[in-house]
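Hello,

Here is the structure we talked about. Please open it next to this message; my notes follow below it.

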Amino acid sequence: MTTRSKDGIVCRKPFFDYQCYYTSIPSLPDETEPATYKLASQSPVWIKAMQEELDALHMQGTWILVPKPCHKNVVGSKWVYRIKRNSDGTVSRHKARLVAQGFSQEPGLDFSETFSPVVRHTTVRLILSIAAMNKWSLRQLDVKNVFLHGDLEEEVFMRQPPGFEDSAHPEFVCKLKKSLYGLKQAPRAWNAKFTGYLPAIGFNSSHSDPSSKASCIQEVVDELSAVFEMKDMGKLTYFLGLQIDYNAESDIFYLTFTRPDLSYAVNSVCQYMTAPTDLHWLLVKRILRYLQGTLDHGLKFSTGPWQLHAFSDADWAGDVNTRRSTTGFVVFLGPNPISWQSKKQTSVARSSTEAEYRSLAHTSADIAWIRQVLQDLKVRLPQQPVLHCDNLSAIALSSNPVYHSRIKHLDIDFHFVRERVQRRDLIVQYIPTEEQVADVFTKGLHSPIFLKHCINLRLGNPAGFEGE
């Protein structure tokens with residue numbers, strides 16, 4: 001194949017304005033968010049937003065005014081301004097939030113534990129897939145001023161809100177009774193409050209009621225609204241950057257959550273974030289051009305057989321600098337991709353078999369975790385998960401109990417895939433390389449193969465899906 005680089009052609013190809021139109025990034029709106037209280041106080045819109053925030057804080061009993069205590073740390077307070085936008089970019093509302101300057105908190109005095117669990121993307125996609133396969137309805141709720149519901153265990157004092165000091169006692173400080181945005185323990189306090197209340201209305205930790213009757217959902221909404229100030233946003237349409245559209249005939253939804261087709265490209269450029277060069281910026285611009293041309297693409301989640309199956313692949317010594325291999329896998333629940341990864345392996349693999357075997361181990365671990373989540377959700381699979389691999393040697397190692405000399409240096413944790421195969425918890429099957437969907441997560445592919453795997457990942461224009 002003849003290319004411009006092989007022929008020594010290095011001149012840039014000129015583009016006219018009309019040719020660059022569809023690869024440009026849309027300009028940001030003219031309306032900006034004020035950086036300081038002084039700027040915000042000049043706008044009636046932001047003054048109203050600040051007053052609404054203070055009314056909510058007083059309603060929750062967030063603090064009481066007390067004389068400034070001696071030998072106690074007093075954290076600062078600050079206004080933060082945000083313009084909330086709809087999924088189409090239009091302005092939804094102006095939000096002013098009073099935050100505590102948690103950077104001035106002292107460990108052991110103002111806070112102790114700060115850890116709070118965070119949901120995994122795979123869990124969200126798993127729930128959406130289950131809902132699509134069962135044709136369940138989805139409701140979206142928003143807790144207003146969510147962090148204000150958390151109860152503080154420590155004594156925390158804060159300066160009064162800028163511009164809204166008490167005229168009778170301007171020297172007093174706020175003794176916080178509830179958690180506030182900016183405090184280091186705020187996420188943990190809210191999580192403890194919410195998870196502590198759920199068992200009172202019939203929920204169990206890591207368990208789910210399989211029923212999806214509208215009456216049951218409404219009962220849960222009513223119970224939550226009695227304790228927390230809730231906003232019922234109706235049918236789930238936009239959540240954590242996830243946009244969902246529904247097919248009116250079969251109630252299947254299409255969603256754009258993350259883009260599996262971008263995983264390898266994004267993983268490649270992210271390895272140079274600390275010291276990017278001009279070449280890396282050109283690659284990022286290429287990703288943006290591709291994204292701009294496929295903004296209407298999303299994943300199709302639909303009904304199908306309750307089968308958990310995965311594809312595992314590795315590109316041996318693909319990194320020209322470190323000679324490390326890249327692990328790539330994707331896990332499907334029925335026809336729906338719920339988990340995927342493109343990641344450089346932590347050490348150099350001495351053979352392609354070793355690289356593929358490591359990838360099998362990582363995929364097996366992800367499958368085991370997903371099975372545990374399904375078990376917690378009372379979802380039972382009719383048969384064992386199937387893991388597809390295009391390397392016969394790696395498949396042989398996963399089922400052969402004899403340790404081979406060429407992999408004896410591998411860590412023990414890589415061999416648990418063999419144990420799961422022997423216990424019949426997992427089936428490893430061969431698949432030809434041209435049908436290996438995970439190939440798109442391990443290397444850059446030319447257009448026909450790339451598009452083929454995108455279709456296999458059920459990625460495309462929702463309008464095209466409706467025509468199926």
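L279 sits in helix α8 (residues 278–293). Helices (H or I, at least four residues) and strands (E, at least two) are DSSP runs, numbered from the N terminus. This is a predicted model, in which local features need pLDDT of at least 70, side-chain atom pairs count only at pLDDT 80 or more, and totals for chains, interfaces and linings use all residues. Residues are numbered from 1 along each chain as its sequence is written, and side-chain values use heavy atoms, with hydrogens and water left out.

L279 counts as exposed because its relative accessibility is 54%. The cut-offs are under 20% relative accessible area for buried, over 50% for exposed, and partly exposed in between (1.4 Å probe, protein chains only). Together, L279, L282 and L283 make a nonpolar surface patch of about 270 Å². Patch residues have over 30% relative accessible area and no salt bridge; like charges are joined within 9 Å, nonpolar side chains (Val, Leu, Ile, Met, Phe, Trp, Tyr) within 5 Å. A salt bridge is a side-chain nitrogen of Lys or Arg within 4 Å of a carboxyl oxygen of Asp or Glu. Areas are Shrake-Rupley, with a 1.4 Å probe; for residues, only the protein chains shown count as cover.

In helix α7 (residues 263–270), S263, N267 and V269 are buried. The cover over the buried residues of α7 includes α8 and β15 (336–344). Contact here means heavy atoms within 4.5 Å.

**Aromatic pairs**

The whole structure holds six aromatic pairs. Rings of Phe, Tyr and Trp (its six-membered ring) pair if their centres lie within 6.5 Å; planes under 30 degrees apart are stacked, over 60 edge-to-face, the rest tilted.

One of the pairs is Y37 with F164, edge-to-face, at 6.5 Å centre to centre and 70° between the planes. It links distant parts of the chain: Y37 is in helix α2 (residues 37–40), F164 in the loop between β6 (157–158) and β7 (173–176), 127 residues apart. Y37 is partly exposed at 30% relative accessibility, and F164 is partly exposed at 24%.

W46 and Y81 are also edge-to-face, with centres 5.4 Å apart and planes at 70°. W46 is in helix α3 (residues 44–60) and Y81 in strand β3 (residues 77–85), 35 residues apart. Both W46 and Y81 are buried.

**Whole chain**

The protein chain has 13 helices and 18 strands. Of its 468 residues, 40% count as buried.

Best wishes
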